[in-house]
Amino acid sequence: MHARAVAATTTALLGTATFLLPTPDARAGVTGTPPTVLAHRGASAYAPENTLAAVDKAAQLGIRWVENDVQRTKDGELVVIHDDNLKRTTDVEEVFPGRAPWKVKDFTAAEIARLDAGSWFGPAYAGARVPTLEQYMARVERHRQKLLLEIKNPGLYPGIERQTLKVLGNEGWLDRRHLGRLIVQSFSADSVRTVHQLKPAVKTGFLGTPNVADLPAYAEFTDQINPSHGSISAGYVAAVHAFTGAHGKPLEVFTWTVDDAVNARRVAGYGVDGIVTNKPDVVRDAVSGR
């Protein structure tokens, strides 16, 4: 995940929100329980991001939650990759030298399946592939992990919300047993809102740091406000907690991307509910007092 401007449609959506001043007694507060630790793109400091190897590494470290990114191929397959192009994390320039700028949406699933998504990280991971969403979820299920799924660049992929939910349903992740292990998030408020409208039972998160005055509008369709760690304070976290989200519980805060003990303890002190990290073992040890 990385910071980006919220689309103009989001501004329009929130422009008429009524400002409701949070009251101290509404705050969820700090319970004394350490925040949830989530492995960013899998344990991506130790294995190539968004690959099955990164999911496996998170499981080896004992991390229950993994985060991933989903995008769509030219022929309509959902694949797990962060960037909207294949250049940074695969050998696409070598395999398809004449296909610049190597956008995910310009390649078929079969073409992407040919790419090496591990060698850039280290020789031990040569031959790792860009997984399909089905493959990724099967691996998460194998480890009995939980999934924070980010719909990436939804403006590039009309209808990706419905398609993602269809895959989730086909893989059994929309039954009662799995819904407690799933959160769908996006930087696009419209995309989060669409997910909520299509499948209200699914827990959702908005990536960003909205103004407190805008939180009532977000609370209508999301359960979490998930900001970058450098953009928050204890006061902001308390303000978010003061509002009730789409499922009748206080809005939560999952912050990202924290990779060191000092910042992990700082945001834990703010009362965040979760910390997304490339180094989940480091953060877990820091917030658990090890």
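Predicted model: local features only at pLDDT ≥ 70, side-chain atom pairs only at ≥ 80, totals over all residues.
Two residues are in contact when heavy atoms of each lie within 4.5 Å.

An α-helix has 3.6 residues a turn, so residues three or four places apart point the same way. Just past α12, G289 adopts a positive phi of about 80°.

The overall fold comprises 12 helices and 9 strands. The protein has 290 residues, and 52% of them count as buried. Among contacts with a separation of 6 or more, 64% join residues 24 or more positions apart.

Rolling a probe the size of a water molecule over the atoms shows where empty space is left. Across the whole structure, 1 cavity of 30 Å³ or more was found. The largest cavity holds about 70 Å³ of space. Its lining consists of E49, N50, T51, V80, I81, H82, T89, A117, W120, V130 and P131. By class, the lining has 6 nonpolar, 4 polar and 1 charged residues. Glu counts as charged, and E49 is part of this lining.

E141 counts as partly exposed because its relative accessibility is 24%, and the buried class is limited to values under 20%. Beyond its neighbours within four places in sequence, E141 is in contact with W173, R177, H178 and R181. With R181, the side chain of E141 makes a polar contact, side chain to side chain, at 3.1 Å. G172 is 31 residues from E141 along the chain. The C-alpha atoms of E141 and G172 are separated by 9.9 Å.

Note on methods:
Residues numbered from 1 in each chain as written. Heavy atoms only, no water. Helix = DSSP H or I, 4+ residues; strand = E, 2+ residues; numbered from the N terminus. Buried < 20%, exposed > 50% of the residue type's maximum accessible area, 1.4 Å probe, protein only. 1 Å grid on protein atoms, 1.4 Å probe; cavity = no way out; pocket = protein on both sides within 12 Å on 5 of 7 lines; lining within 4 Å. Points joined across faces, edges and corners; volume = space filled by probe spheres on them. Polar contact = N/O pair within 3.5 Å; in protein donor to acceptor, adjacent residues only side chain to side chain.
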